[in-house]
Amino acid sequence: MKTTALLFALAACCGSALAASPSDTMTKFHAALAAGDKAGAIALLSPDVIIYESGYAERSRDDYAKTHLAGDIDYSRTVARKVVHHIEHTEGNTATVLEETSSIGTFKGKPVNALGLETAVLERQGDGWVIVHLHWSSRKAK
């Protein structure tokens, strides 16, 4: 509980962490995960973000912080993620970022060679963008 409260306090003070473009926001989000920067990752998520992954749903930033954030950080710190295809579409205060990725490395002692898909929906807030929805899926590369 104290950890989650601390993360939200740090996220609140880091409003300047918001990026100028949706793609920059996604780059910062993944960089924060890979660096183990919980506060940096949380700062880029809307409080009511919805995250779909592997048939599960986190329905808020708090829910994600309590459940999958630590695992996503552990994974991102040991598995290299490379964007192989990127599409961004912005209309007004809403943007969609679609990425196809390749991930190679070792996680929990097992080799990883996976192809991933990410759909991100972002909303403009002030001078920056926050993530309001993420949907991740992956499969083993051939």
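How many bridges join strand S4 to strand S5, and in which direction do the two strands run relative to each other? In this predicted model, S4 (residues 94-107) and S5 (residues 110-125) are antiparallel and are joined by 14 bridges. Within this pairing, Leu-98 stands opposite Thr-119 of S5.

S4 and S5 belong to an open sheet of 6 strands, in which the pairing is mixed and the order is S2-S1-S6-S5-S4-S3. Strand S2 (56-58) and strand S3 (79-91) form the edges, each pairing on one side only. From one strand to the next, the twist averages 15°.

Two helices contact this sheet. Helix H2 lies across strand S1 (45-53), S3, S4, S5 and strand S6 (128-140), and runs at about 60° to S6. Helix H5 also packs on the sheet, where it touches S1, S3, S4, S5 and S6. The direction of H5 makes about 65° with that of S4.

H2 (residues 22-35) and H5 (residues 69-78) also pack against each other, with their axes 7 Å apart and at an angle of about 85°. This angle falls within the range of 65 to 115 degrees that counts as roughly perpendicular, and H2 and H5 are therefore roughly perpendicular to each other. On the H2 side, the contact involves Leu-33, Ala-34 and Ala-35. These residues meet Leu-69, Asp-72, Ile-73, Ser-76 and Arg-77 in H5. By class, the residues of the contact of H2 with H5 comprise 5 nonpolar, 1 polar and 2 charged.

Key
Residues are numbered from 1 along each chain as its sequence is written. This is a predicted model: local features need pLDDT of at least 70, side-chain atom pairs count only at pLDDT 80 or more; totals for chains, interfaces and linings use all residues. Side-chain values use heavy atoms; hydrogens and water are left out. Axes are lines fitted to C-alpha atoms, for helices over the stretch in contact, and angles run from 0 to 180 degrees between N-to-C directions. Helices (H or I, at least four residues) and strands (E, at least two) are DSSP runs, numbered from the N terminus. Angles under 35 degrees count as roughly parallel, over 145 as roughly antiparallel, 65 to 115 as roughly perpendicular and the rest as oblique. Contact means heavy atoms within 4.5 Å. Ala, Val, Leu, Ile, Met, Phe, Trp, Tyr, Cys and Pro count as nonpolar, Asp, Glu, Lys and Arg as charged, and the others, Gly among them, as polar. Two strands pair if DSSP finds at least two bridges between them.
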